[in-house]
Amino acid sequence: MAKDQNTWAGFGVQGTKREGVTCTMNPFAINTKVTQAHGLGVVPNFIDFYAECLIAEQGYSIGDRIGPLVVESSGYGAHYALDATNVVILAGGAQLRAVNKTTPAGSVALTSLDWKVEAVPWVNN
């Protein structure tokens, strides 16, 4: 995808969409924080936040993306924080969880080394 676009297709928002620097936790690691300066100069007003499969498991193939990544009371998952300078990925105290893509019947723990988490910040001017 181009770094700048004249409209946000599908969102009905006019203006220029600028992509900041992606924050990546590769591979996912519990109890970990990754900070990346995004270079946008303002707090991003949109973020793509997902986990991407690195090694096939639970019905997911390499390159498949899942989201949103929810932090449950038990500490599973990951979330992000934003400010005018940085994007931060914060991992909870347990593995990511998802529904098996092939046989959905409740959530299953994902193998941390099989996934990376990315937060891609955007701003609309």
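**Contacts, rings and loops**

Modeller: Start with Glu-118, which is in contact (heavy atoms within 4.5 Å) with Thr-22, Cys-23, Thr-24, Asp-48, Phe-49, Tyr-50, Glu-52 and Ile-89, leaving aside its neighbours within four places in sequence. This is a predicted model, where local features need pLDDT of at least 70 and side-chain atom pairs count only at pLDDT 80 or more, while totals for chains, interfaces and linings use all residues. Residues are numbered from 1 along each chain as its sequence is written, and side-chain values use heavy atoms, with hydrogens and water left out.

Colleague: Where does Glu-118 lie?

Modeller: Glu-118 is in strand 11, residues 115-124. Strands (E, at least two residues) and helices (H or I, at least four) are DSSP runs, numbered from the N terminus.

Colleague: Is Glu-118 buried or exposed?

Modeller: Glu-118 counts as buried because its relative accessibility is 10%. Buried means under 20% relative accessible area, exposed over 50%, and partly exposed in between, with a 1.4 Å probe and protein chains only.

Colleague: Which side chains make a polar contact with the side chain of Glu-118?

Modeller: Tyr-50 is one, with a polar contact of 2.5 Å between the side chains. The side chain of Thr-24 is another, at 3.0 Å. A polar contact is a pair of N or O atoms within 3.5 Å; within protein, one must be able to donate a hydrogen and the other to accept it, and residues adjacent in sequence count only if both atoms are side-chain atoms.

Colleague: Switching to rings. How many aromatic pairs are there?

Modeller: The count comes to 2 aromatic pairs. The rule takes rings of Phe, Tyr and Trp (its six-membered ring) with centres within 6.5 Å; planes under 30 degrees apart are stacked, over 60 edge-to-face, and the rest tilted. The rings of Phe-49 and Tyr-80 have centres 5.1 Å apart and planes at 65 degrees, so that pair is edge-to-face. This pair links distant parts of the chain, with Phe-49 in strand 5 and Tyr-80 in strand 7, 31 residues apart. Phe-49 is buried at 14% relative accessibility, whereas Tyr-80 is partly exposed at 34%.

Colleague: And what about Tyr-60 and Trp-115?

Modeller: Their ring centres are 5.5 Å apart with the planes at 80 degrees, so Tyr-60 and Trp-115 are edge-to-face. Tyr-60 sits in the loop between strand 5 and strand 6 and Trp-115 in strand 11, 55 residues apart. Tyr-60 is buried at 11% relative accessibility, and Trp-115 is buried at 0%.

Colleague: Which ring does the charged end of Lys-17 sit over?

Modeller: The ring of Trp-122, 4.0 Å from its centre. That label requires NZ of Lys or CZ of Arg within 6 Å of the ring centre and within 35 degrees of the ring normal.

Colleague: Now the backbone. Which peptide bond is cis?

Modeller: The bond from Asn-26 to Pro-27 is cis, with omega near -5 degrees. Pro-27 is in the loop between strand 3 (23-25) and strand 4 (33-37). Asn-31 is also placed in the loop between strand 3 and strand 4, and has a positive phi of about 55 degrees although not a glycine. Asn-31 counts as exposed, at 59% relative accessibility.

Colleague: Last one. How do strand 7 and strand 8 pair?

Modeller: Strand 7 (residues 78-82) and strand 8 (residues 86-91) are antiparallel over 5 bridges; pairing requires that DSSP finds at least two bridges between two strands. They form a hairpin with 3 residues between them, and Ala-78 has Ala-91 in strand 8 as its bridge partner.
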